[in-house]
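Please look through the sequence and the model first; the notes after them are grouped by topic.

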Amino acid sequence: DIDIVVITPSKEEVRKVIFEAQKRLSRELSVQMFSWNEWKQQEKNNFSFYHDVLIKGISLIGEKPITS
């Protein structure tokens, strides 16, 4: 599968795009979606995940989501 982290104000729009992408790719996408506030909480509550995304992740759109 393909792991994707999305930080968005509109989760419903992203769900539609992900659904279409899975159909086109014929692969499962493992998506974790966060609002900006939820992402800031990840830094505090799940730092290892937050850190992995920043260090190992590849930004597809925009910049890496550094909260502090």
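The buried residues of helix 3 pack against strand 1, strand 2 (29–34) and helix 2. Helices (H or I, at least four residues) and strands (E, at least two) are DSSP runs, numbered from the N terminus; buried means under 20% relative accessible area, exposed over 50%, and partly exposed in between, with a 1.4 Å probe and protein chains only. This is a predicted model, in which local features need pLDDT of at least 70 and side-chain atom pairs count only at pLDDT 80 or more, while totals for chains, interfaces and linings use all residues. Residues are numbered from 1 along each chain as its sequence is written, and side-chain values use heavy atoms, leaving out hydrogens and water.

**Overall layout**

- The protein chain has three helices and two strands, and along the sequence they follow the pattern β-α-β-α-α.
- Its C-alpha atoms fill a box of roughly 35 × 25 × 20 Å, taken along the principal axes.
- Of the 68 residues of the protein chain, 22% count as buried.
- The protein chain exposes about 5400 Å², of which carbon and sulfur atoms supply 52%; accessible areas come from the Shrake-Rupley method with a 1.4 Å probe, and for residues only the protein chains shown count as cover.
- Among contacts between residues at least 6 apart in sequence, 56% join residues at least 24 apart, where contact means heavy atoms within 4.5 Å.

**Helix 3 and the cores**

- In helix 3, the buried residues are Phe49, Tyr50, Val53 and Leu54.
- These residues cover an arc of only 130° around the axis, so they are on the same side of helix 3; the arc is that of the directions from the helix axis to the C-beta atoms.
- The face of helix 3 turned away from the buried side carries the exposed residues Ser48, Ile55 and Lys56.
- The largest nonpolar core consists of six residues, namely Phe34, Trp39, Phe49, Tyr50, Val53 and Leu54. Helix 3 (residues 47–56) gives the most to this core, with four residues.
- Apart from this core lies another one, of five residues, including Val6, Val14, Ile18 and Leu29. A nonpolar core is a set of buried Ala, Val, Leu, Ile, Met, Phe, Trp, Tyr and Cys residues joined through side-chain atoms within 4.5 Å.
- Leaving aside neighbours within four places in sequence, tyrosine 50 is in contact with Trp39, Gln42, Glu43, Pro65, Ile66, Thr67 and Ser68.

**Glutamine 42**

- Glutamine 42 is found in helix 2 (residues 36–45) and is buried, with a relative accessible area of 16%.
- With neighbours within four places in sequence left aside, glutamine 42 is in contact with Phe34, Phe47, Phe49 and Tyr50.

**Two loop residues**

- Threonine 8 lies in the loop between strand 1 (2–7) and helix 1 (11–25), and is buried at a relative accessible area of 11%.
- Not counting residues up to four places away in sequence, threonine 8 touches Val14, Met33, Phe34 and Ser35.
- The C-alpha atoms of threonine 8 and tryptophan 36 are separated by 6.9 Å, although the two residues are 28 residues apart along the chain.
- A polar atom of the threonine 8 side chain lies 3.0 Å from the backbone nitrogen of serine 10.
- Serine 26 is placed in the loop between helix 1 and strand 2 and counts as exposed, at 66% relative accessibility.
- Phi of serine 26 is near 55°, a positive value in a residue other than glycine.

Conventions
Polar contact = N/O pair within 3.5 Å; in protein donor to acceptor, adjacent residues only side chain to side chain.
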